[in-house]
Amino acid sequence: MEKKEETFKDQTSDVNEEYTASESDGSKESDTQNDNSNSNEMTPAEKILALEAELTQAKAKADENYDRFLRLQAEFDNYRRRTQKEKTEIVKYASEQLVSELLPVLDNFERATSSAQNNPDITVFSQGVDMILRQLQTALSKVGLKPMEAVGQPFDPNLHEAVMRVESEDHPENTVVEELQKGYFLKEKVLRPSMVKVSN
């Protein structure tokens, strides 16, 4: 009986030694894995340095973008002031071309009136005025003024202003039979409609 107990104790001791040895080997492997994983991770100081570098880079980029924004804003403000000034100049001197074209007409009117005082010949004065009229028409046509042709045309409320309706056997109904005041286009726009008589 004692021999059996000794044999059992020996076997138990062998098992305990094997378990202890295997546990020791497992703990060594675990320690080795932990050392490897720790070697791949950054230390807190290294993390701080990396974050500071990223922050510095982001701040430099933000400063660059802000400077670009300020330059663009300044350029836009300059452009807006320049275009406003040009617009004001255009409005202020919009009639400069027309006035330049009319100055010779004004000169001739002054000469005609001065001549009429010295020479009362109505025929010469009439010819002078007729010449000035043609000069005025030429000057105005250069800036886009064009007279309307109204007589004989169908009445158009966009072009004509009817002030009277008359009976007419020579014209179809609703036709302009007489022009009381000439109408004008300024380029493609109706500057003034013709004042007309229209047939019934």
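The lining of the largest pocket has six nonpolar, two polar and one charged residues, where Ala, Val, Leu, Ile, Met, Phe, Trp, Tyr, Cys and Pro count as nonpolar, Asp, Glu, Lys and Arg as charged, and the others, Gly among them, as polar. The model is a predicted one, in which local features need pLDDT of at least 70 and side-chain atom pairs count only at pLDDT 80 or more, while totals for chains, interfaces and linings use all residues. Residues are numbered from 1 along each chain as its sequence is written, and side-chain values use heavy atoms, with hydrogens and water left out.

The residues lining this pocket are Leu133, Leu136, Gln137, Leu140, Ser141, Leu145, Pro147, Lys182 and Tyr184. A pocket here is an open set of points on a 1 Å grid over the protein atoms alone, where a 1.4 Å probe fits and protein lies on both sides within 12 Å along at least five of seven lines; lining residues have an atom within 4 Å of a point. About 180 Å³ of space lies in the largest pocket, a volume being the space filled by probe spheres set on the points, which are joined across faces, edges and corners. Two or more lining residues come from each of α4 (122-142) and β1, and α4 gives the most, with five. Helices (H or I, at least four residues) and strands (E, at least two) are DSSP runs, numbered from the N terminus.

Helix α4 also has a helical partner. Helix α3 (residues 96-118) packs against α4 at an angle of about 175°, with the axes 9 Å apart; axes are lines fitted to C-alpha atoms, for helices over the stretch in contact, and angles run from 0 to 180 degrees between N-to-C directions. The pair therefore counts as roughly antiparallel, the label for angles over 145 degrees. Among the residues that meet are Leu98, Val105 and Phe109 in α3 and Phe125, Leu136 and Leu140 in α4. By class, this contact divides into 12 nonpolar, three polar and two charged residues.

Now for the strands. β1, β4 and β5 form an open, antiparallel sheet in the order β1-β4-β5; two strands pair if DSSP finds at least two bridges between them. β1 (145-147) and β5 (189-192) stand at the edges with a single partner strand each, so one side of each is left without a neighbour in the sheet. Neighbouring strands here are turned by 35° against each other on average, direction ignored. Strand β4 (residues 184-186) pairs with β5 over three bridges, and Tyr184 stands opposite Arg192 in β5. Leu191 lies in strand β5. Leaving aside neighbours within four places in sequence, Leu191 is in contact (heavy atoms within 4.5 Å) with Leu145, Tyr184, Phe185 and Leu186.

Another open sheet of three strands has the order β2-β6-β3, with mixed pairing. Its edges are β2 (160-166) and β3 (176-181), each with a single partner strand, so one side of each has no neighbour in the sheet. β3 and strand β6 (residues 194-199) pair in the antiparallel sense over four bridges, and Glu179 stands opposite Val196 in β6.

Notes. Parallel < 35°, antiparallel > 145°, perpendicular 65-115°, else oblique.
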